[in-house]
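My entries follow in the order I made them.

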Amino acid sequence: MTVSQALIEFLAHQWTVDGDLRERTIAGTFGIFGHGNVAGIGQALLQAAETEAGSMPFFQARNEQAMVHQSVGYARMHRRRGTLASAASVGPGAANMLTGAALATANRLPALLLVSDTFATRVADPVLQQLEHPHDPGIQVSEAFRPLSRFFDRVQRPEQLFSIALGAMRVLTDPAETGAVTIALPEDVQAEMLDVPVEFLADREWHIRRPPPERGPLSRAVEAIGGARRPLLVAGGGVIYSGAEDALREFAEATGIPVATTQAGGGSLPWDHPLNLGGVGATGSAAANAIAAEADVIIGIGTRYSDFTTASRTAFQHEGVRFVNVNVASFDAYKHGSQLPVIADARATLVELRTALDGQRVAAEHAWHAQNVKSDWDTQVDRAFEPTGGELPGQPEIIGTINAAMAPEDVIIQAAGSLPGDLQKLWRVRDPLGYHVEYAFSCMGYEIAGGLGAKRGLLALGDDRDVVVMVGDGSYLMLHTELLTAVAERIKLIVVIIQNHGYASIGHLSETVGSQRFGTRYRYAEPADGDRAKATFERGEFLPVDLAANARSYGVDVIDIKPGPDALQELSEAIGTAKAADGPTVIHINSDPFVYAPDGHGWWDVPVAETSEVESTRAARAEYLEQQQLQRPLIG
């Protein structure tokens, strides 16, 4: 076989086992072919399709970055048990996947990248699209994947394939190590022949590790939680990936400990569960942040504690606050100086904690306070959802309308801009898989590709629930070509484009740091005094871009909602129409970017210029210094 043929057949026989669940680890391969892989991986995929149809499904894509995004969306819906491979050609094709690799690794979600490389023999140096470094001729685009990948290796000789492929699979299926896994394949080696042991091509099972907590760390955690007066549990993505939502609910109900969620942990508890305070941190709810500020013990379950979760280390203000960090990865378990790390599976640990704390409940005063702040916050969200009847609805009203029109099991997809913050505050999640906001890398352009991957993942599970992508015009313009992929495969996807003529999130942030929304508006450049060198985008007319027409050009059904007092009613009806459709639908609606969600009292550390001739910047600096005093340099 050739190296490529052996690799594709090997991947077709890899299985992930998680308890009673068994599924293909690599369910299919994306590919965009060029001279670097058309005769290697491309030929191998053709051969697989002709000799054993369905053994390794092939999917087209329109952008290499989007291939990886689809893999990540797929992996999220499969709780990291399965993913997809992405094959790119040499040079720019490979470079296009770098953003996707970083996103997969940042989110701790598996994605396999088959990156083409230049000739290992260097028989035709330099080839088309090859980098040339005089000080190191061996450096190629593939080297850039090293810091972005959880595993990287290059098949320099055909015989290396066996150990490299097995090493790649080990990392893809390890919950503590997973992320982007990159195998670099020189274009000549891809097509070289080798003798392949039959054992290499046989079915192989990779059992996901679910380590129980060790006795010592568990007992110390139990002591800390049992002695806490105002504990708070922070549920992260590890709860979802471990399938621990039932164990979380049972633990919370048994102890009365209130629960806050991270972006990745959204869906750990239904929004209306009495103990669910909502998102915590910079874009969290006022309820979760109020309890976090007073908590003396934080029980972090499967969270990596990003700066948004900790509100840049200002969320947890109790002088003696301690952290019980439960995580399968020691890297995350030891964060914030914790002396109470529990390096174990989330579900297994929650079960053990519930047993060990049997009969113990939080003080009535703490429970009452948590219930009150939750009730207050729910009332604020209700008000934010109320239609104002304006020509342009605000984003909170749009979110409320879409939320109400979707089924409880439907999935919302988002990644960047002002929507992640508003969704964490406002979206009422009713299903463990119903909320996927990619916020580790917060990548503009992830939404449509990630949503398509999520829908693929659900269909592979026999689950036909709807996936709704919400995307601002800024993110849409970054990467919208996978709409054509949805059309080509007749995959039902609902995309809501919220048009506000600029970068709404950064525009708002720009105001808070005294930069007056500079450079965040989509307007014509207006020369000052006829001098193009002095052109500004701050005062010109809005650009005449027609995103509805752009989407329609791909062949999707488009519902274009015009501004007016009935826009929200039309939006609700449009969601219903899209849900009844068989293929992809895009809904376009204009919004008022100056209508904000209720204040959750979180802070995010974005440094303000220390000196400035601009008055607004000087004022922002003074406020920044005041907030900065609440930061804790090391907490544990």
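In which helix do aspartate 378 and lysine 374 lie, and how many residues apart are they? I find both in helix α14 (residues 364-385), four residues apart, about one turn of the helix. Helices here are DSSP runs of H or I with at least four residues, strands are runs of E with at least two, and both are numbered from the N terminus.

Note on the source: this is a predicted model, in which local features need pLDDT of at least 70 and side-chain atom pairs count only at pLDDT 80 or more, while totals for chains, interfaces and linings use all residues. Residues are numbered from 1 along each chain as its sequence is written, and side-chain values use heavy atoms, with hydrogens and water left out.

**Salt bridges**

I looked up the total and got 30 salt bridges in the structure. The term means a side-chain nitrogen of Lys or Arg within 4 Å of a carboxyl oxygen of Asp or Glu.

Aspartate 378 and lysine 374 form one of them, with the closest N and O atoms 3.5 Å apart. Both residues are buried. I use buried for under 20% relative accessible area, exposed for over 50% and partly exposed for what lies in between (1.4 Å probe, protein chains only).

Helix α14 also supplies aspartate 382, which I find bridged to arginine 428. The closest N and O atoms of this pair are 3.0 Å apart. Arginine 428 sits in the loop between α16 (419-426) and β17 (435-437), so the bridge ties together parts that are 46 residues apart in sequence. Arginine 428 counts as buried because its relative accessibility is 14%; aspartate 382, at 38%, counts as partly exposed.

I then noted a network: salt bridges that share partners join Asp18, Glu23, Arg81, Arg210 and Asp345.

A further bridge runs from glutamate 250 to arginine 354, with 3.4 Å between the closest N and O atoms. It links distant parts of the chain, from helix α10 (residues 245-255) to helix α13 (residues 346-356), 104 residues apart. Glutamate 250 is partly exposed at 31%, and arginine 354 is partly exposed at 40%.

**Sheet with β10**

I traced an open sheet of six strands in the order β12-β11-β10-β13-β14-β15, with parallel pairing. Its edge strands are β12 (276-279) and β15 (340-343), each pairing on one side only. I count strands as paired if DSSP finds at least two bridges between them. Neighbouring strands are turned by 20° against each other on average, direction ignored. Helix α11 (residues 286-294) packs on this sheet and touches β10 (231-235), β11 and β12; its direction makes about 105° with that of β12. Contact means heavy atoms within 4.5 Å. Axes are lines fitted to C-alpha atoms, for helices over the stretch in contact, and angles run from 0 to 180 degrees between N-to-C directions.

Why do I call β10 largely enclosed by the rest of the structure? Five of its five residues are buried, so the description holds. Pro231, Leu233 and Ala235 point one way from the strand, and Leu232 and Val234 the other way.

On one pairing, β10 meets β13 over five bridges, with leucine 232 opposite isoleucine 298. β10 also pairs with β11 over three bridges, where alanine 235 stands opposite threonine 261. Threonine 261 in turn stands opposite glycine 279 in β12.

**Sheet with β7**

I found another open sheet of six strands, ordered β4-β3-β5-β6-β8-β7 and paired in parallel. Here β4 (58-59) and β7 (151-154) are the edge strands. β7 pairs with β8 (residues 180-186) over four bridges, and phenylalanine 152 has threonine 182 as its bridge partner. Helix α3 (residues 64-77) lies across β3 (26-31), β5 (83-88) and β6 (111-117), running at about 170° to β5.

I checked the peptide bond from aspartate 125 to proline 126 and it is cis, with omega near -15°. Proline 126 is in the loop between β6 and β7.

Tyrosine 305 has a positive phi of about 55° although it is not a glycine. I place tyrosine 305 in the loop between β13 (297-301) and β14 (322-327), and it counts as buried at 6% relative accessibility. Histidine 501 also has a positive phi, near 60°, and lies in the loop between β19 (494-499) and α20 (504-512).
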